[in-house]
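Hello,

Here is the structure we talked about handing over. My notes on the domains, the ligand site and one surface patch follow below.

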Amino acid sequence: MNYFFKPRQVAVVGASANRGKVGNSVLRNIIGSGYSGTIVPINPSAHEIEGLKCYPNITEAVQELGALDLVVVAVPAAAVIGVAQECAKNGCKNLVVITAGFKEVGKEGAALEKELVEICRSHHINLLGPNCLGMMDTHTPINASFAGDFPLRGEIAFISQSGALGTAILNWSRQQKIGFSQFVSLGNKAGLNEADFIAAAADDPNTKVILCYLENVVDGERFMDVARQTSRRKPVIIFKAGTSEAGARAASSHTGALAGNDRTYETVFKQCGILRVRRMEDLFALATVFLSQPLPKGDRVAILTNAGGPGIIAADAVESRGLAMARFCAETIEAMRAHLPAEANLLNPVDVIGDARADRYHFALEQIIQDPNVDGLIILLTPQAVTQPKETAEAIVDVKERHPDKPIVAAFMGGEAVADGAEHLRKNGIPCFSFPEPAVESFAYLSRYTKLRESTARQALPEFDFDRRRITEIIKGAMSDHRRILFASEGAEVLSLMGIPAAPTKLATTADQAVEIALEIGFPVVMKLEAPNVLHKSDLGGVKLNLRTEQEVAEAYHEIIANLHHHLPDTVAYGVEVQKMDQPGRECIIGMTCDQAFGPLLMFGLGGIYVNLLQDVSFRVVRGLDLTELQEMIRETKAYLLLKGIRGEKPGDVEAVVDTLARVAVLAREFPQINEIDINPLFVYEQGVSAVDVKITLRKVGTE
Ligand code: COA
């Protein structure tokens with residue numbers, strides 16, 4: 001993509017002399033952006049457009065001028081394929097298709113888009129769009145779009161899945177004096193997608209912060225790889241729209257039902273070090289904070305205020321965002337005591353009280369910022385009779401200039417009275433909010449990002465030995481029986497083969513066989529119906545617990561089959577599972593479900609029958625997963641408190657739970673035919689674990 005943002009020549013196919021047309025806007029935008037390369041309008045019915053020589057087609061332009069680095073297309077959809085073929089023939093490598101009327105309009109459009117993608121793929125052409133606004137780079141500079149505004153030059157790359165939203169933001173950004181390095185409208189993402197542009201922005205020396213507006217991610221695995229690498233170099237901040245669960249997958253497992261679409265994105269973003277914001281405006285507010293402030297060395301915040309209430313609000317926000325209130329050194333407190341009024345509060349939050357003028361803020365700030373126990377400052381101001389917002393802002397800027405290594409974020413509360421001061425701060429690179437919470441929130445993001453960059457040691461999942469051949473055989477056997485759910489006995493065997501302790505389970509097809517199995521695995525046993533399409537076995541008397549004799553086992557077998565016939569006379573049982581009855585332990589759940597975009601997703605939480613109700617679960621995507629993340633996912637749940645032991649209980653074996661999670665992750669990674677796994681409950685003992693109930697569902701992969 002070397003020449004995508006920095007083309008030496010750019011052609012506009014569909015350039016028009018008619019000023020109302022998109023092709024004309026694109027051409028004039030390129031000219032108007034100050035682009036210094038060769039601009040080539042292409043239109044068969046014109047000789048000159050906007051003062052530039054016009055060519056009838058790409059071929060003639062290339063014959064006369066040589067290669068074209070970038071081609072922007074604004075001709076009707078029916079003509080796009082022809083243009084793409086010409087680009088392919090003439091060695092053009094970057095194509096921006098603005099034209100709409102593809103996948104977004106239905107079947108015919110989708111077929112056209114497929115054809116376009118095939119041409120581009122087979123000729124290694126980078127394709128942006130179709131159905132997009134175009135792209136911009138303010139440093140090249142080039143505005144290859146039909147947007148009405150070219151943004152100010154800046155250090156933010158903005159990647160937007162919505163073109164219309166892009167135009168609104170570009171217009172707003174000029175008013176807000178927010179500058180961009182790159183802007184990309186992704187359109188239908190038929191070729192290049194968010195991952196490509198995040199990677200490009202990561203390598204762009206003019207970009208310091210990457211912002212994305214996304215509705216979905218098309219290539220989940222690549223996205224995760226790129227985001228993981230990029231977020232260590234530059235902050236990647238994403239607003240993801242479409243958080244409702246309307247489109248949540250139809251799931252037959254607890255794990256699938258709990259892993260809603262938004263939860264999956266939340267998990268992915270967290271694992272990849274992406275900072276997610278929940279409001280569009282936070283995207284830009286946060287970008288300016290990242291651009292203007294250094295990263296804090298820790299999470300200890302000092303608050304300076306001239307009013308008690310806002311100080312308390314900020315302190316609450318500090319606590320709720322997981323930050324720490326700084327505890328000042330004795331010297332700092334003493335110095336403040338010597339000069340501040342007796343009524344001032346010298347502990348954090350420092351309250352210089354309502355009659356504070358700029359000099360008092362200046363003095364207190366000077367002391368606090370030098371305190372080694374302070375990693376960053378939140379400065380609050382409310383307009384009271386003698387308050388000097390502008391002069392106070394000047395004092396803040398002065399201190400900041402002399403101590404640039406600690407982040408400062410301000411909240412000047414009020415309207416006209418504080419406007420001058422707030423403006424002065426912003427102009428001088430100090431973010432200023434209207435209320436305390438967003439100021440604290442932005443500091444929390446800075447602090448989170450610091451931690452994220454510092455967390456280096458990754459411990460890959462261990463290599464496990466397992467009998468791949470036998471597991472494959474079990475899966476294939478079920479598939480060839482047209483079963484999408486493994487028998488409980490097969491599930492238990494798969495887990496055992498993976499090295500996960502599972503209660504021994506075997507399928508009996510006669511009462512005598514059930515007795516034999518019970519004798520073999522040892523009493524007491526549990527017996528469970530195995531029949532097609534029976535989800536809630538206990539509801540129809542399909543589960544018998546604590547069977548201690550041969551006679552009880554034989555009777556249970558007959559009873560279970562009779563109950564099935566009574567409730568579902570047309571259903572023929574596969575048999576009855578006979579399972580060793582385990583000692584009860586603390587009940588957890590471990591699950592896995594396959595996400596369409598991101599692949600296997602692992603779940604851990606509180607198990608038992610109330611899983612869906614309590615939803616005490618945490619998730620991790622298997623791709624790139626490490627051992628530390630498995631420990632974290634356990635610690636995120638309340639189940640962890642149970643495992644640690646409450647009210648004098650001995651702790652459960654957390655290490656064994658981590659090991660089980662790791663093995664389930666490897667099972668999911670190595671066998672893509674496994675669609676979902678529910679181990680519920682997983683009994684956790686003081687030493688070891690046992691998978692008591694296992695449900696494994698399968699899916700077709702490739703041509704199987
Ligand atoms: N090569 C070169 N020029 C061609 C051509 C080709 N193969 N086919 C047509 N043209 C010329 C036309 O003659 C015309 O020039 P003219 O004004 O001198 O006659 C120009 O290209 C444009 O074609 P026209 O038929 O007038 O189309 P249009 O300008 O009305 O619409 C699009 C073209 C691309 C703007 C329209 O199809 C479209 O997709 N609009 C929506 C864009 C959009 O919303 N994108 C997503 C934003 S988020």
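Domain bounds here come from an automatic or database domain assignment. The model itself is predicted.

Domains. The assignment for the chain gives three entries: domain 1 covers 293–454, domain 2 covers 504–580 and domain 3 covers 586–698. Between the C-alpha centres of domain 1 and domain 3 the distance is 43 Å.

Ligand site. There are 19 residues around the ligand, and those that come nearest are Ser16, Lys21, Asn43, Ile98 and Ala100. By class, this shell consists of twelve nonpolar, six polar and one charged residues.

- Ser16: an N or O atom of the side chain is 2.6 Å from an oxygen atom of the ligand.
- Ile98: a backbone N or O atom lies 3.0 Å from a nitrogen atom of the ligand.
- Ala100: a polar backbone atom is 2.7 Å from an oxygen atom of the ligand.

How much of the ligand's accessible area does the protein cover? On its own the ligand has 970 Å² of accessible area, of which the protein covers 66%.

Surface patch. Ile609, Tyr610, Leu613 and Leu614 make a nonpolar surface patch of about 510 Å².

Regards

Notes
Residues are numbered from 1 along each chain as its sequence is written. This is a predicted model: local features need pLDDT of at least 70, side-chain atom pairs count only at pLDDT 80 or more; totals for chains, interfaces and linings use all residues. Side-chain values use heavy atoms; hydrogens and water are left out. A residue is near a molecule or strand if one of its heavy atoms lies within 4 Å of it. A polar contact is a pair of N or O atoms within 3.5 Å; within protein, one must be able to donate a hydrogen and the other to accept it, and residues adjacent in sequence count only if both atoms are side-chain atoms. Accessible areas come from the Shrake-Rupley method with a 1.4 Å probe; for residues, only the protein chains shown count as cover. Ala, Val, Leu, Ile, Met, Phe, Trp, Tyr, Cys and Pro count as nonpolar, Asp, Glu, Lys and Arg as charged, and the others, Gly among them, as polar. Patches are made of residues with over 30% relative accessible area and no salt bridge: like charges are joined within 9 Å, nonpolar side chains (Val, Leu, Ile, Met, Phe, Trp, Tyr) within 5 Å. A salt bridge is a side-chain nitrogen of Lys or Arg within 4 Å of a carboxyl oxygen of Asp or Glu.
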